[in-house]
Amino acid sequence: MKLIIAMIQPHKLQDVKKALYDAEVYKMTVTNVVGCGQQKGYTETYRGVVHEVNLLKKVRLEIAVNEDFVKPTIDAIIQGAKTGRIGDGKIFILDLPQCIRIRTEETGNTAIG
Ligand SMILES: Nc1ncnc2c1ncn2[C@@H]1O[C@H](COP(=O)(O)OP(=O)(O)OP(=O)(O)O)[C@@H](O)[C@H]1O
Ligand SMILES: [Mg+2]
């Protein structure tokens with residue numbers, strides 16, 4: 001099992017959700033976050049004063065999947081989120097040792113899917 005964490009542009013969330021839906025990936029956790037990547041944010045002038053804005057709004061997706069859904073999930077995120085411009089986002093893939101559905105106490109592959 002893998003835990004896929006993706007940071008995407010907020011305005012691409014609907015496109016990513018549609019692509020995930022088409023790939024039959026329905027379970028996800030979505031959080032509004034702030035962050036910065038290799039551009040370290042940007043500067044903005046407000047009332048003549050230059051401010052460094054180094055934390056930009058992003059959306060964080062967390063999707064736990066069985067091995068056969070890893071590639072379809074990653075492909076769907078890229079398809080929905082990619083514009084080719086800086087800030088498109090990033091995907092982190094982590095090994096997931098265990099998952100438990102609390103209601104039934106099922107574990108592992110049965111609990112995740
Ligand atoms: N190494 C990292 N560790 C933790 N979070 C990161 C890391 N890189 C990116 N992020 C998160 O992902 C978001 C999107 O990153 P972003 O797409 O700007 O990556 P990038 O490496 O700067 O690539 P690009 O040059 O395409 O912008 C960041 O705002 C931040 O929240
Ligand atoms: Mg960046």
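Predicted model: local features only at pLDDT ≥ 70, side-chain atom pairs only at ≥ 80, totals over all residues.
Let's start with the ligand site. Where does ligand 1 sit? The space taken by ligand 1 is the largest pocket. Around the ligand there are 13 residues. The closest are Gln 38, Gln 39, Gly 87, Gly 89 and Lys 90.

What kinds of residues make up that shell? Six are polar, four are nonpolar and three are charged. Which element gives the most to the shell? That is strand β6, residues 89–95, with three residues.

Take Gly 87: one of its backbone N or O atoms is 2.6 Å from an oxygen atom of ligand 1. Gly 35 also uses a backbone N or O atom, and here the distance to a ligand oxygen is 3.4 Å. Lys 90 uses its side chain instead: an N or O atom there lies 2.8 Å from an oxygen of ligand 1. How much of the ligand is covered? On its own, ligand 1 has 600 Å² of accessible area, and the protein covers 71% of that.

You will find Val 65 in strand β5, residues 56–65. Is Val 65 buried or exposed? Its relative accessible area is 5%, and the cut-off for buried is under 20%, so Val 65 counts as buried. Look also at Ile 4. Val 65 and Ile 4 are 61 residues apart along the chain, yet their C-alpha atoms are separated by 7.7 Å.

Methods. Residues numbered from 1 in each chain as written. Chains lettered and ligands numbered in written order. Heavy atoms only, no water. Near = heavy atom within 4 Å. Polar contact = N/O pair within 3.5 Å; in protein donor to acceptor, adjacent residues only side chain to side chain. Areas by Shrake-Rupley, 256 points an atom, 1.4 Å probe, with all protein chains shown as cover. 1 Å grid on protein atoms, 1.4 Å probe; cavity = no way out; pocket = protein on both sides within 12 Å on 5 of 7 lines; lining within 4 Å. Sits in = over half its atoms within 2 Å of the grid points. Helix = DSSP H or I, 4+ residues; strand = E, 2+ residues; numbered from the N terminus. Nonpolar A, V, L, I, M, F, W, Y, C, P; charged D, E, K, R; others polar. Buried < 20%, exposed > 50% of the residue type's maximum accessible area, 1.4 Å probe, protein only.
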